[in-house]
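Notebook open, model on screen.

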Amino acid sequence: MNRYASARFGAPTARLTVLASLLAGLSAPALAASDIVISQVYGGGGNSGATYRADFIELFNRGAKPIALNGWSVQYASAAGTSWQKTALPDVTLQPGQYYLVREALGAGGSVDVPADLVGSIPMSGTAGKVALSNANVALSGANPGGASVIDFLGWGAANGYEGGAAAGGTGNATAVLRKDEGCADSDNNGADFAVLAPLPRNTGTARHVCGGAVVKPVVVSCPAALPVALGSAGSAALTAKDEDGIVSSASLSGGVAGISLEHFTPAGAAGASASAQLTVAAGLAAGSYPVSVRFANTEGDASSCDITVTVAATGGVTRRIPQIQGSGATSPDNGTVQTTEGVLTLKVGGGFFLQDAAGDGDPTTSDGLFVYTGATASNAQPGDLVRVTGTVFEYTPSGAKRSYTELKDVTAIAVRSSGHSITPTNIELPNTQLDRVEGMLVRFVRPLTVSQAEYLGQRGELSLSSGRLELPTNRYAPRSAEALALASANAANLIVLDDGIFTTPSTIPYIGQDNTVRAGDTVSDLTGVIDFGAIGGGGAAFKLQPLGAPRFSRDNPRSGAPLLAAGNVKVASANVLNFFTTFTNGMNAAGQSNQGCSLGGSVSRNNCRGADNLNEFIRQRDKIVAELKGIDADVVGLMEIQNNGDTAVNYLVDSLNASYGATVYAAVPKPAATGTDAIRVAMIYKPGRLSLAGPALADDHSINNRPPMAQTFRAANGEKFSLIVNHLKSKGSCPGGNGADADRGDGQSCWNATRVQQAQRLAQVFVPQVAAAAGDPDVLLIGDMNSYGMEDPIAAITARGFVNQLERFVRPQGLPYSYVFGHQAGYLDHALASATLSPQVAGAAEWHVNADEPTVIDYNTDGKPQDLYDALPYRASDHDPVVVSLNLQPAVSDITASVQVQSSALVFNRATQKFSGTITVRNSGSEALSGPFQLVLENLTAGVSLSNASGSHGGAPYISLNASELAPGAALTVAVSFSNPSKVNTSYSTKLYRGNF
């Protein structure tokens, strides 16, 4: 079935060292010369997270002449295998620029059929393997076969055989290896000629791509495969055809009989426009099956045909009503049986329509609605028609789903009984744990819903909706706590995915509004539609709403400028710049050099590069990031996900940022000795006019840190110092196998949590003390992408060492703190954690929601988008929101006597202790709170008198430490004093109050 498509994109991963690549290149097979090449291989078909149901191998004629494939074969071996499986090719001739698609093994997952020219049965790996094109139908042998019989050869991922110096990149269930330039690139080097992208199956009907010449585009027809008609009734099917470089001017019918005709033909008005016709079946046609063919031709003599089977059959009586088919259980009591049912058609969508029993059965536990999957079967039934349908009851389980969805498939009869009917929507609201009771039914949400995620709007036409924003449980509560479990359960019942009824990538992005966006946090009202269930973007499945009309959106979460914080003397920002690489995946770099690569774990390859694919994408990415950083205008910025190529990438970003200012405003903090072996690293940029470097940058290159944290101590204009440490802990993705410590424990923290805890412990217990000791100052601010939400174990390991969470302190009291949206839920992975001594000097902290709320489809990428909505504004510069912190750095000790009133009591002599005792009261006389610690100094104390309960001495005068961390306006502190006065002279002194520690 093709109505629940999903698409997910993965980054290629290099698996060969440079030495291994060179050795393999020396032993690469010598291949026969041919213009037929392997243009694409996809091995993840039918797997979890896949869009397509089958693996496939695609061939392409990159030459200038037709080539016959008779007697040839495509063959497959595993990544390290020496035995080969083959699929023989038929007697077919490929024209210049023409593709040919061989479907291989079919899997249980996926939702879209492969448009194959030939069907084979080879199961291929989703991650790595070898494919050969041979001019013989004899199985090859060996790990790396060559010779005259091998026409083309592809090794990808961890394959031990390949053309040239390197294998093509590794793939996943949602990615394939595609020959570049639409199949034309052929340098006999798999690593250079192929890219890892979303699968794009092309067959002999696909527009030809003649290498070095004009593309010859075919006439593309759109026809149903079948047209069922009820005996005694008329029927019709709409047919269309278009030619991008020609005008479709005629249509003809062959194989027809009396009673089947082609009518209402309308030629295309221009090249690229659609021609239309209607296949009509008269009411008097006898029962039977009638195969017909319709041929569309253009003015240049090109033509394409489609075959349609017209079936006329008597319509049986209703065997089961819709509520009976649905039943009250998890699956239909009629599953697997052929039934005839009847209902009012409420909505037509891609691949079928929804029916609803007009009367219902009055039982709230049984749904009155049902989806009828028609696939390529035509129906002229329209909303409001009473329709009788015969088909097989089927429990459809989308990929990743934990439940099934009752529908009719393999439809053999569709009869319109009458028209003009209507269904009253059932009122529902969220949260709702019983949406299964209204599946397939027309409903109306009685309250506005909030957009909770817009990630898959462009890719799938989906928006996640809920009653209010959904907060990720471990963002608010400790993992494994009863509160976290309760919130997870509540969130699961508080979700509906608004779909667009297409089930493929939309040609026009739906629901886009003001400023070419729709933001998480916006609301939608007047929401009426049919409850569906299916696969969703990001994996898994959920209940969906297929809308009956256009929903009405309200921009309740408007875009804003950078956050305005309480004034301080240093502004700090943390920004994940989402793979800012000056070396591109196409092997070029920002300096215009070719054949470049990125470093990862000791290997250098363009397959290691992330981010922009080419210079055009890079400029778009750069301009968005520059706009974001300029909008924040921080004195120092910690960066994550910048290319680990020395200071090249960070200096390029600095130069671009300074160019936007028209002055030299920023400089890069020179990299520390260790930046790790990952392709990305952390970095810092700062304003030399506002801060100076106090010593070199430091890094912790301990083996637990896959991306070493970077520390730099700065000196502010008032002479005060603080140290900034930028972090990027281990990500939650690419989970390890087995049940080890880093496996996903199901507690909301995903995988690699044990490693992140160790990294956090190492940071707080070892690296921070090293940095503070080198700085000679305890003021430390930890920022960065911790890949841990607010209350998760790694953050708890840091706050347990006295660090204060500034987002909880400043943002939580105002609402939900979040910098990232994932799985419909919001939380913050990006942190600002201040040491106990620095925390009182933090004037404010905030997130700028410039990225996480925006749909991915408006980012810098140019590929895979139905529309290009890019602009150079900062919105969606990354997938993480930046965090901004205002520091008001104060001297270690400051005199705040002017802000208080001090009153001393009379002294009383105690004969038992021979001491004079009394009290001193300090009252905040200002309008602002005073932060501690506080030290009360008694200066000019009478000679011969000493303060018995002194905490210490400062400048020769005794002082008492006051037991308070803050003194609110008007609040007072009273401290007891005790004096030793052997001569019993009149005691006098003056007082001063200091903030800080002596």
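Predicted model: local features only at pLDDT ≥ 70, side-chain atom pairs only at ≥ 80, totals over all residues.

I started with glycine 815, which counts as partly exposed because its relative accessibility is 31% (buried is under 20%, exposed over 50%, partly exposed in between, with a 1.4 Å probe and protein chains only). Residues are numbered from 1 along each chain as its sequence is written, and side-chain values use heavy atoms, with hydrogens and water left out.

I found glycine 815 in the loop between α11 (806-810) and β47 (820-822); helices (H or I, at least four residues) and strands (E, at least two) are DSSP runs numbered from the N terminus. I also checked glycine 815 against alanine 964, 149 residues apart along the chain: their C-alpha atoms are separated by 28 Å.

Next I went to glutamine 806, which sits in helix α11. Buried or exposed, I wondered about glutamine 806? It counts as buried, because its relative accessibility is 0%. Its side chain makes a polar contact with the side chain of serine 839 at 3.1 Å (a pair of N or O atoms within 3.5 Å; within protein, one must be able to donate a hydrogen and the other to accept it, and residues adjacent in sequence count only if both atoms are side-chain atoms). Leaving aside neighbours within four places in sequence, I listed contacts (heavy atoms within 4.5 Å) of glutamine 806 with Val811, Ala832, Ala834, Ser839, Val842 and Ala845.
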